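Here is a short report on selected local features of one protein chain.

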Amino acid sequence: MPDDEGADLLALRCNAVAELDQAAVRDALAYFGPDLVYVVRESSDVRVVSRVRRAADCPVVAAAGPAEIRAETVAGTSFVFASSASLLADAPPADYVVCDDLEPTTDAVALEATLAGRETIGRYRARSSRETTFLTGALTASYDHVWETTVDGDPVRLPIRGVAPLERSGAVELACLTCGRTGSVAVSSVPADRFGLGALSGVGPTIARRLRDTGYGTRAAVATASATELSSIDGIGPSTAREIVHSARALADGRVVRTTADPLPPTDDATPLFVDIETDGLRPTIVWLIGVYDPDREAYVDFVDTEPSREDPGQATREFVSWLAAEYDAPSLVAWNGHGFDYDHLERFIARYAPEYRAYWRDHVSTYDPYDWAVRRDNAVLPGRTNRLEDVAAALGRDRTGAAAALDGKTLAERIRRLLEGSSSADGGSGSEGATIDWTAARRYCEADVRELAAVYEAIAAAPTATASPDADGSTAETTQTGLTDF
């Protein structure tokens with residue numbers, strides 16, 4: 001990433017990548033493009049560390065090993081790696097300190113939590129000229145908390161972030177942290193088995209092995225094959241073969257592959273309005289930011305509650321639906337996974353906090369979900385390693401920059417939750433004082449989401465529609481689908 005935005009740190013746990021072959025390890029490193037690789041202490045294996053070092057073209061630091069301090073400066077961002085917290089007494093100042101000794105423990109009887117190494121890192125930060133953020137492989141990359149301690153009677157804030165691979169839906173995901181120059185950290189992740197041939201839909205370890213044994217050792221090789229050729233391999237039926245070929249071509253070309261001729265809604269003359277909401281989690285108690293992009297007007301507008309409270313969590317919703325009713329008689333809203341999240345919660349919040357607009361929402365507002373249409377209804381194969389909006393947009397060439405790249409939705413949701421709590425928590429955090437929100441950056445993050453949604457929608461709409469299966473020479477019979485400007 002550009003130097004003024006910070007550095008990308010890819011954190012690995014050996015047992016999360018032990019089953020990857022060397023080609024898949026190289027693919028993972030190429031995908032994330034990290035400035036640094038950190039191998040966490042848990043499950044450390046020198047064989048895996050050696051394989052990662054052979055594949056990487058950036059510094060690789062392993063937590064296990066002799067007691068040492070190691071300093072690295074990459075992309076204008078300084079890191080100190082400490083194999084033990086006790087070594088920080090002599091460590092140089094840095095933007096980020098990485099030490100796996102930092103781990104909270106909870107006394108279940110007293111309902112109190114302590115952070116191992118808190119006093120040591122408190123003294124380090126007190127004498128440092130940097131606003132240091134502390135990273136630890138003892139916690140997953142979803143952990144984001146501000147602890148406090150005192151040094152010589154003065155309070156010292158200790159931002160702690162986890163870096164270890166995430167567990168989502170039972171699958172391990174490699175985490176890459178974008179470490180901003182001002183201490184902001186954004187996390188992106190991909191399942192550990194989505195590299196090499198494993199990145200292809202329908203390909204698990206067994207089929208990957210059979211593909212390699214048959215001469216299809218790379219995704220590029222699979223992309224040039226026909227479904228007929230692949231279906232001749234033991235264990236790959238015709239439908240799986242088509243799935244694999246479509247996935248390989250989407251990834252290889254960085255494009256949407258349409259698999260049906262079904263039109264992408266809305267199919268009338270309505271212009272889509274692209275919408276995204278920010279909440280405090282997957283079961284929201286507040287909708288605090290709503291962004292809307294109208295491509296016809298080339299205008300983006302948002303509705304943000306910069307003083308969120310549990311007493312009135314509906315402010316942003318009221319402002320949004322009031323504006324929507326004033327500006328559009330019968331709008332067509334488009335949201336990524338909207339039928340699985342955004343629309344349900346908007347309807348719930350409108351019913352509770354803006355009931356006078358409930359009939360307008362029900363009778364005049366149409367809602368569409370391109371994720372549901374493409375993925376759940378099997379109308380298109382998307383080019384991302386996952387079908388998350390940011391991954392699909394990046395695969396289409398829409399990489400985030402600036403403030404939007406230094407945030408992620410999960411971190412924002414966690415900070416809003418802490419802001420709503422408004423008091424010190426039992427685990428030693430600092431309540432609302434630790435939940436600092438850069439509202440300008442948060443709004444830019446939401447705007448990036450909405451504009452990415454518009455770009456992905458346009459790419460889906462513009463993709464030729466397949467009218468036949470991939471044929472023997474690797475081509476596909478296609479017709480032309482209308483683009484975004486035709487709606």
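Strand β2 (residues 36-39) is covered on both faces. Leu36 and Tyr38 are buried on one side, and Val37 and Val39 are buried on the other. Buried means under 20% relative accessible area, exposed means over 50%, and partly exposed lies in between (1.4 Å probe, protein chains only). In a regular strand, side chains alternate between the two faces of the sheet. Helices (H or I, at least four residues) and strands (E, at least two) are DSSP runs, numbered from the N terminus.

This is a predicted model: local features need pLDDT of at least 70, side-chain atom pairs count only at pLDDT 80 or more, and totals for chains, interfaces and linings use all residues. Residues are numbered from 1 along each chain as its sequence is written, and side-chain values use heavy atoms, with hydrogens and water left out.

β2 has parallel pairings with two strands. Four bridges link β2 to strand β1 (residues 7-12) in the parallel sense. Here Leu9 stands opposite Leu36. Three bridges link β2 to strand β3 (residues 60-62), again parallel. In that pairing, Tyr38 faces Val61. Two strands pair if DSSP finds at least two bridges between them.

## The β17-β18 hairpin

Strands β17 (residues 287-294) and β18 (residues 299-304) run antiparallel and are joined by six bridges. Ile290 stands opposite Phe303 in β18. The two strands form a hairpin with four residues between them. Glu298, in the turn, has a positive phi of about 50 degrees.

What surrounds the side chain of Asp100? Asp100 sits in the loop between β6 (96-98) and β7 (104-107). Asp100 touches Tyr38, Val40, Arg41, Ala63, Ala82, Thr136, Gly137 and Ala138, not counting residues up to four places away in sequence. Contact means heavy atoms within 4.5 Å.

Asp100 is buried yet has no salt bridge. The nearest side chain of opposite charge is Arg41, 4.8 Å away. A salt bridge is a side-chain nitrogen of Lys or Arg within 4 Å of a carboxyl oxygen of Asp or Glu. Lys and Arg count as positive, Asp and Glu as negative; His and the chain ends are not counted. Backbone nitrogens do approach the Asp100 side chain. That of Arg41 lies 2.8 Å from one of its polar atoms. That of Gly137 lies 2.6 Å from a polar atom of the Asp100 side chain.

Leu135 belongs to strand β9 (residues 133-140). Leu135 counts as buried, at 0% relative accessibility. Beyond its neighbours within four places in sequence, its contacts include Leu9, Phe79, Cys99, Arg161 and Cys179.

Thr279 is in strand β16. Its relative accessible area is 8%, so Thr279 is buried. Its side chain reaches the backbone oxygen of Gly281 at 2.8 Å. A polar contact is a pair of N or O atoms within 3.5 Å; within protein, one must be able to donate a hydrogen and the other to accept it, and residues adjacent in sequence count only if both atoms are side-chain atoms. Leaving aside neighbours within four places in sequence, Thr279 is in contact with residues including Trp288, Phe341 and Ala413.

## Cysteines

How many disulfides are there? The count comes to zero, with a disulfide taken as a pair of cysteine sulfur atoms within 2.5 Å. The sulfur of Cys176 is 8.3 Å from the closest cysteine sulfur, in Cys179, and that is too far for a bond. Cys179 is likewise in no disulfide. Cys176 is buried at 4% relative accessibility. Cys179 is buried at 0%.

## Backbone exceptions

A cis peptide bond joins Pro265 and Pro266, with omega about 0 degrees. Pro266 lies in the loop between β15 (257-258) and β16 (272-279).

Asn337 is not a glycine, yet its phi is positive, about 60 degrees. It occupies the loop between β19 (332-334) and α10 (342-353). Asn337 counts as partly exposed because its relative accessibility is 23%. Asp378 also has a positive phi, near 60 degrees, in a residue other than glycine. Asp378 is found in the loop between α12 (370-376) and β21 (380-381). At 56% relative accessibility, Asp378 counts as exposed.
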